[in-house]
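I opened my notebook to look up a few things in a protein model. Here is what I wrote down as I went.

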Amino acid sequence: MASSIHCPHRSCHRAPSRAGRRAGVLIRARGRAAVWAAVVVVLASLTGCGALTGTTARDVPADTAPAEGPPGTANTSPTAGPPGTGQTAQGRSGAGPETRPPARIPGLGPRTLAWIPENARQVLVVTGRGRDANRSEAVLHQHTGSGWEAGPAWPARNALKGWTDDHRAGDLRSPIGVFALGDAGGLLPDPGTELPYDRSEGFSVGGTGFAGEPLAGSFDYVIAIDYNRVPGTSPLDLTRPLGADKGGGIWLHVDHQGPTQGCVSLDERHMRELLRTLDPDRHPVIVMGDALSLGR
């Protein structure tokens, strides 16, 4: 297991969001989740995911998660979010049946739906193949005003050992829950996101992952998942409101062709598309976990 190291403080270059930052987010996560993310940092401090081999790693912060109730992030409150299963409605024109966006997000059960904030209009659902599987699928759902419209399904990866309701640092499982997506960054320039974006050499990473794959480029683009971290800060911020044992640095980042230590990874082109699509005014969140857990 890689050990953490301390690096010099570095300033952030952040792009303002269209409506400014919102300090708190309403979210519910399943179990007392807390996630650990360790990463090899080459030119600066950093944490997140990615298993490392024969290298030194460092932990990154995570967003505040509530100590009670379906675990999650700071300022959580159980709100009944836009529910989730599909349905078909008759067209008003009298021209026959018309397919409309489903009123609820398919695959999400009543408990998971209750954790989604009512004001969330962009929901990235990451569904794991199994409780102990490290392969998953990501679909961005956007509310049209009359229902939820699903985007294409993207292949994704999660932690080596799968998922957990009660994440602990170093357990190599991704946390199950619903978390806000509000801060981004990366080694590469801002691709055109409306999220605050921190471009920094602190996202440099080297070494190899669990399958011996190179980790270089994994943090070219990153979106912080608000788990045991302070919203409104760079993904590189190391503050962990719930303590180090609850993990931190849970991110969406570029896939390195292997399982992660706790993060969720997507192909680089899909990370760019996601960054360009997420809108802070639509209160984006991520719903993540294995299929059975999310269906409850």
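Is R168 buried, exposed or partly exposed? I looked it up: R168 counts as partly exposed, at 33% relative accessibility. My note on the words: buried is under 20% relative accessible area, exposed is over 50%, and partly exposed is in between, with a 1.4 Å probe and protein chains only.

**Ground rules.** I reminded myself that this is a predicted model, where local features need pLDDT of at least 70 and side-chain atom pairs count only at pLDDT 80 or more, while totals for chains, interfaces and linings use all residues. Residues are numbered from 1 along each chain as its sequence is written, and side-chain values use heavy atoms, with hydrogens and water left out.

**Entry 1: salt bridges.** I searched the whole structure and got eleven salt bridges. A pair counts if a side-chain nitrogen of Lys or Arg is within 4 Å of a carboxyl oxygen of Asp or Glu.

I stayed with R168 to begin with. The side chain of R168 meets that of D245 in a salt bridge, at 3.6 Å from N to O. R168 sits in the loop between β8 and β9, and D245 in the loop between β12 and β13, so this pair ties together parts that are 77 residues apart in sequence. For strand names I use DSSP runs numbered from the N terminus: strands (E) have at least two residues, and helices (H or I) at least four. D245 is partly exposed too, at 44% relative accessibility.

Next I checked R229 and D183, whose side chains form a salt bridge of 3.0 Å, N to O. The two are 46 residues apart, with R229 in the loop between β12 and β13 and D183 in strand β10. Which is it for R229, buried or exposed? R229 is buried, with a relative accessible area of 1%. D183 is buried as well, at 0%. I also noted that salt bridges with shared partners join D166, R168, D245 and K246 into one network.

Then I looked at R131, which forms a salt bridge with D165; their closest N and O atoms are 2.8 Å apart. R131 is in the loop between β5 and β6, and D165 is in the loop between β8 (163-164) and β9 (174-175), so the pair ties together parts 34 residues apart in sequence. R131 is partly exposed, with a relative accessible area of 31%.

**Entry 2: around β5.** The loop between β5 (122-128) and β6 (135-143) also holds G130. I asked myself: what is G130 in contact with, leaving aside its neighbours within four places in sequence? The partners are W163 and D290, where contact means heavy atoms within 4.5 Å. G130 and L292 are 162 residues apart in sequence, yet their C-alpha atoms are 7.6 Å apart in space.

On β5 itself, I found six of its seven residues buried. β5 pairs with β6 in the antiparallel sense over seven bridges; two strands pair if DSSP finds at least two bridges between them. A hairpin of six residues joins these two strands. β5 also pairs with strand β15 (residues 285-290), here in the parallel sense and over six bridges. I picked T127 to follow: its bridge partner in β6 is E137, and its bridge partner in β15 is G289.

**Entry 3: aromatic pairs.** My search of the whole structure found three aromatic pairs. Rings of Phe, Tyr and Trp (its six-membered ring) pair if their centres lie within 6.5 Å; planes under 30 degrees apart are stacked, over 60 edge-to-face, and the rest tilted. F179 and Y227 make an edge-to-face pair, 5.7 Å centre to centre with 90° between the planes. Both F179 and Y227 are buried. The rings of F219 and W251 have centres 5.0 Å apart and planes at 80°, so I filed this pair as edge-to-face.

**Entry 4: nonpolar cores.** A nonpolar core is a set of buried Ala, Val, Leu, Ile, Met, Phe, Trp, Tyr and Cys residues joined through side-chain atoms within 4.5 Å. Which residues touch the most other members of the largest one? Out of 28 residues, they are I223, L252, L274 and I286. Leaving aside neighbours within four places in sequence, L274 is in contact with L124, L140, W154, I223, L252 and L266. Another core of 13 residues lies apart from it, including L108, V125, W148 and L294.
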